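Student: I would like to learn how to read a sheet and its surroundings in a model like this one. Could we go through it together, one feature at a time?

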Amino acid sequence: MFTIHELFEKNPKMMREVYCDTLLELALSNEDIVVLDADLMSSSGMKPFFQRFPDRAFNCGVAEANMIGIASGLSAMGKIPFAHSFGCFATRRVCDQIMISAAYAKQNVRIVGSDPGVTAAYNGGTHMPFEDMGVLRSIPEITLIEPADNVILEDIVKQLAELKGVYYIRMARKNAVSIYKEGSNFHIGRGNTLVDGTDVTIFSSGIMVYEAIKASSILQTDGISARVIDMFTWKPVDTELIDNCARITGAFVTAENHNVIGGLGSSIAEAAAMIRPVPIEMVGVKDRFGQVGTEDFLREEYELTASDIVSAAKVAVQRKG
């Protein structure tokens, strides 16, 4: 069990600020860290890094495929590149470059895609990645991560400065609800149990973690004990934890700010089918495109709320008999 924040307030510091500040801190002691940007310094919050380390920051322009190629080349020369763009452009637009130039070539590249799912809000359907993790999940040996708040983001970025391989982080740019207490540490590839429970397990990540915690409280008043997992690593997925939760609760709900096809729900279902099959209900985007709107409107429109998780949990519990 992780120690979680008691107030669940939105952190006044934006996630993009945490990302930039963490890289600045790491770059002071590691001269191999470099950043690449697709002409989005203001949006990504990376201006301070460009100002502090102009010879280690590269604006590749609106050319994400070229950016990943450059990042892979820098990796081949011993550098540790962090490349970022909006999630839709950092994944589907550059899938072949990630596959061949980075992963197949065994390079050491970190790709950060911002504004996942409905957090793209007014940027609309063209900039609203409901499929970014699904696009990349079939690439061999890639690691896929979605941090829920500033604390886990900072810890993960620090870890990635030391690890080898290709990593993709989908990250909300703005203010996230505080889930974890400062100083918490995280193990990539292992899910975090935030709330214990015996009747159903809710697997969540990113903005859906807080919704899952709220849903667990609502379910408790209805006599249903719901376990909440922050499955922040989508690949490799924590099969040991999935097996343990299946054995204890016997029913699953997955909650993701992503298309249920190819996403977290698919990953959990695939693992459970091979280990210990249980009823699974999926809360997420049901094979739809994005649209313009406020984040609150879009959460309701795409059924990404605590009440949607509650409804799914009740169905999952009924299905296990």
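Tutor: Strands of a sheet pair through backbone hydrogen bonds, either parallel or antiparallel. Here E8 and strand E11 (residues 252–259) run in the parallel sense and are joined over four bridges, where strands (E, at least two residues) and helices (H or I, at least four) are DSSP runs numbered from the N terminus, and two strands pair if DSSP finds at least two bridges between them. Please keep in mind that this is a predicted model, in which local features need pLDDT of at least 70 and side-chain atom pairs count only at pLDDT 80 or more, while totals for chains, interfaces and linings use all residues. Residues are numbered from 1 along each chain as its sequence is written, and side-chain values use heavy atoms, with hydrogens and water left out.

Student: In what order do the strands of the open sheet lie, and which of them stand at the edges?

Tutor: The open sheet has five strands in the order E7-E9-E8-E11-E12, with mixed pairing. E7 and strand E12 (280–285) are at the edges, each with a single partner strand, so one side of each has no neighbour in the sheet. From one strand to the next the twist averages 25°, an angle taken between N-to-C directions on a scale from 0 to 180 degrees, with axes fitted as lines to C-alpha atoms (for helices, over the stretch in contact).

Student: Which helix packs on the sheet?

Tutor: Helix H13 (residues 306–319) does, touching E8, E11 and E12, where contact means heavy atoms within 4.5 Å. The direction of H13 makes about 160° with that of E12.

Student: How should I read strand E9, and which way do its residues point?

Tutor: In a regular strand the side chains alternate between the two faces of the sheet. In E9, Ala226, Val228 and Asp230 point one way, Arg227 and Ile229 point the other way, and all are buried, that is, under 20% relative accessible area, whereas exposed means over 50% and partly exposed lies in between (1.4 Å probe, protein chains only). E9 pairs with strand E7 (residues 192–195) in the antiparallel sense over three bridges, and Asn192 stands opposite Asp230. With strand E8 (residues 200–204), E9 pairs in the parallel sense over five bridges, Thr201 having Arg227 as its bridge partner.

Student: How many salt bridges are there in the whole structure?

Tutor: Side chains of opposite charge can pair when their charged atoms come close. A search of the whole structure finds 19 salt bridges, each a side-chain nitrogen of Lys or Arg within 4 Å of a carboxyl oxygen of Asp or Glu. In one of them, Glu211 meets Arg299, with the closest N and O atoms 3.2 Å apart. Glu211 lies in helix H9 and Arg299 in helix H12 (residues 295–301), so the pair ties together parts that are 88 residues apart in sequence. Glu211 is buried at 8% relative accessibility, and Arg299 is buried at 14%. Glu211, Lys214, Glu295 and Arg299 are linked in a network of salt bridges.

Student: How many disulfides does the structure hold?

Tutor: A disulfide is a covalent bond between the sulfur atoms of two cysteines. With the cut-off set at sulfur atoms within 2.5 Å, the structure holds zero disulfides. Cys60 is in none, and its nearest cysteine sulfur, that of Cys20, is 16 Å away.
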